[in-house]
Amino acid sequence: MEDIKEPITTLQAEPAKGTLPLTSELLLAKAKKAVISRLESVQDQHDSFVKRCDEWDKLYRGENPNQLKDTLAQVSTKIGFNSVEDWVATMMDAHFSADPPFAVKSKRGKDDAELLQRITKVLWQNAKETHIEENSERIFRSGVKYGTFTAKTSHVVEEDLGFKIITKRSNTSKRFGHF
């Protein structure tokens, strides 16, 4: 059996910082001015949103907003917490009640069902290894509490990844059963 070599081009250049090459000092100054101007224009809106988020978080935790004031109303309720957790549980159930929660289908309709099942298992295993359920729960909770549906999640890459561009596809993958 002969060894088939696929032509491969390896990317050598380091990725550029940013999305635009800012080689001109004038262009760099204009870009910096535009970014700072945009930041200043939304700073008050951002600060107001952060303050509201703090208030919503206190309601979620059931803290009494009047506890430091001189008032007779010293009642707090966990209705915010209960409502948020009910919604989060509903969304988690809707997304992750099936195992796996997605199905892989062939665009061509000709791929082997066993191959599609293997692909599904690999994708679901990768998703579980990146803690998709825990991260999704955090995103759902953030969305219900603050209306943003965004969260910072940590990702750990345990191997050195590289990029290769394959310029021509051969029948090698079909022969060896790779997908």
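**Close-up views of a predicted model**

View 1. The accessible surface of the protein comes to about 15,600 Å². Carbon and sulfur atoms account for 56% of that area. The model is predicted. Of the 179 residues, 14% are buried.

View 2. The protein holds 5 helices and 2 strands. Along the sequence they follow the pattern β-α-α-α-α-β-α. Take contacts between residues at least 6 apart in sequence: 56% of these join residues at least 24 apart.

**View 3. Helix 2 against helix 4.** Helix 2 spans residues 79-96, and helix 4 spans residues 132-146. Their axes come within 9 Å and cross at roughly 140 degrees. Helix 2 is therefore oblique to helix 4. The crossing is right-handed.

**View 4. Residues at the contact of helix 2 and helix 4.** Helix 2 contributes Val84, Glu85, Trp87, Val88, Met91, Met92, His95 and Phe96. From helix 4 come Ile132, Glu133, Ser136, Glu137, Phe140, Arg141, Val144 and Lys145.

**View 5. Confidence along the protein.** The average pLDDT is 75. A score of at least 70 is reached by 64% of the residues. Among the elements, helix 2 has the highest mean pLDDT, 90. The lowest, 47, belongs to helix 5, residues 172-176. Over residues 173-179 the pLDDT is below 50. Beyond near neighbours in sequence, this stretch has 8 contacts in the model.

Note on methods
Residues numbered from 1 in each chain as written. Predicted model: local features only at pLDDT ≥ 70, side-chain atom pairs only at ≥ 80, totals over all residues. Heavy atoms only, no water. pLDDT = per-residue confidence, 0-100. Helix = DSSP H or I, 4+ residues; strand = E, 2+ residues; numbered from the N terminus. Contact = heavy atoms within 4.5 Å. Buried < 20%, exposed > 50% of the residue type's maximum accessible area, 1.4 Å probe, protein only. Areas by Shrake-Rupley, 256 points an atom, 1.4 Å probe, with all protein chains shown as cover. Axes fitted to C-alpha atoms, helices over the stretch in contact; angles between N-to-C directions. Parallel < 35°, antiparallel > 145°, perpendicular 65-115°, else oblique. Left-handed = near helix turned anticlockwise from the far one by under 90°.
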